[in-house]
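I opened my notebook today to look up the salt bridges in this model. Here is what I wrote down, entry by entry.

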Amino acid sequence: MEKVITVTPNPAIDLTMHVSDWERGRVNRGEDMFVTPGGKGLTVALNLAEAGIHSRVTGWMGAHNDAPFTRAFEAHDIVDDFIRYPGDTRRNIKIVDNSNGETTDINMPGQNVSTELLQQQLDYLDREVDENTVLVFGGSLPPGIEKDFYARMAAKYRDKCRYLVIDTSDRALKAMMNADVLPHVIKPNIHELEGLTGRSIETAEDIVEQAREFIARGVKLAVVSAGEKGAWFVTEDTVIHAQPPKVKVASTVGAGDAMVAGTVRGLLLNRPLEEIARTATAYSVANIMAVGISLPPQDEIERIREKVTITKE
């Protein structure tokens, strides 16, 4: 029986503050504030649960302020296998300007992860991962974890599970993509792709060309998101562009994670690539239309799905 395990090495409590006409260097008046559990892997798990697919979540988390996480896991029937350490999980601040939809992120580094905690995580994965597992890693790395962590996880677990999905950025992404063994699925956004390649990515042809280079090196599905320009879903023999409908943006927080969740759902259910692209894009659009990381009811997802334009290139 298939199972999903998501690994979030550096979760955070996200404090999302809404202001209008936010300006740097002056006093701004807040309008709303929302406290949500954050982290790519666990957000994917929460979105999957709302789509009817339950998973196990793990990673490292502070024991002293884990209540927002445990409440979310219990509400979504998610198995909490996070490894706790003494102290607090980091807090991140997100400032959403209601006047233009822009989001400013201030992300803290997180607590140091010891060698002992790292070994506990590896022991857990060695016990739980098998050929029926969809294993999802996501997010930044905390202090104490080397930048090649995801590269080592790809080498260790790619051939032991059904799908290995890794979504990260910056140095961790570069180290992973420069390694000999790559994940089955990656989802860089356009800015991460430019940082990875060291060059400007300006056209659809540029995106597809780069994605195909990853495919030639072992990636099975490369998903590249580019905001309002849509997303490209590239496999060895197919290129699909999914163009989202224009909507009012409430917050971009978690939009990429929702796209990963939609992609994982489609892979689990053996859906055609066109359907995966349509649903994953609909999840992402639904996410940006509301504050928080929850998906709307299924009928709303279906209405968005119908407005996603699919083009085979």
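Entry 1: I started with arginine 91, which is partly exposed at 41% relative accessibility. Its partner is aspartate 88, and the closest N and O atoms of this salt bridge are 3.8 Å apart. I looked up aspartate 88 as well: it is partly exposed, at 29% relative accessibility. I kept in mind that this is a predicted model.

**Entry 2: the whole structure.** How many salt bridges does a search of the whole structure find? I noted 15.

**Entry 3: arginine 152.** Next I checked the salt bridge in which the side chains of arginine 152 and aspartate 148 meet, at 3.2 Å from N to O. Arginine 152 comes out partly exposed, with 32% relative accessibility. Aspartate 148 is partly exposed too, its relative accessible area being 31%.

**Entry 4: a pair in a helix.** I then turned to arginine 305 and glutamate 302, whose side chains form a salt bridge at 3.4 Å, N to O. Where do these two residues sit relative to each other in helix H10? They are 3 residues apart in this helix, which spans residues 298-307, so about one helical turn separates them.

Is arginine 305 buried or exposed? I wrote "buried", because its relative accessible area is 16% and the cut-off for buried is under 20%. Glutamate 302, at 32% relative accessibility, counts as partly exposed.

**Entry 5: a network.** Last, I looked up which residues Lys3 is linked with. Lys3, Glu128 and Asp130 are joined in a network of salt bridges.

Methods: Residues numbered from 1 in each chain as written. Predicted model: local features only at pLDDT ≥ 70, side-chain atom pairs only at ≥ 80, totals over all residues. Heavy atoms only, no water. Salt bridge = Lys/Arg side-chain N within 4 Å of Asp/Glu carboxyl O. Buried < 20%, exposed > 50% of the residue type's maximum accessible area, 1.4 Å probe, protein only. Helix = DSSP H or I, 4+ residues; strand = E, 2+ residues; numbered from the N terminus.
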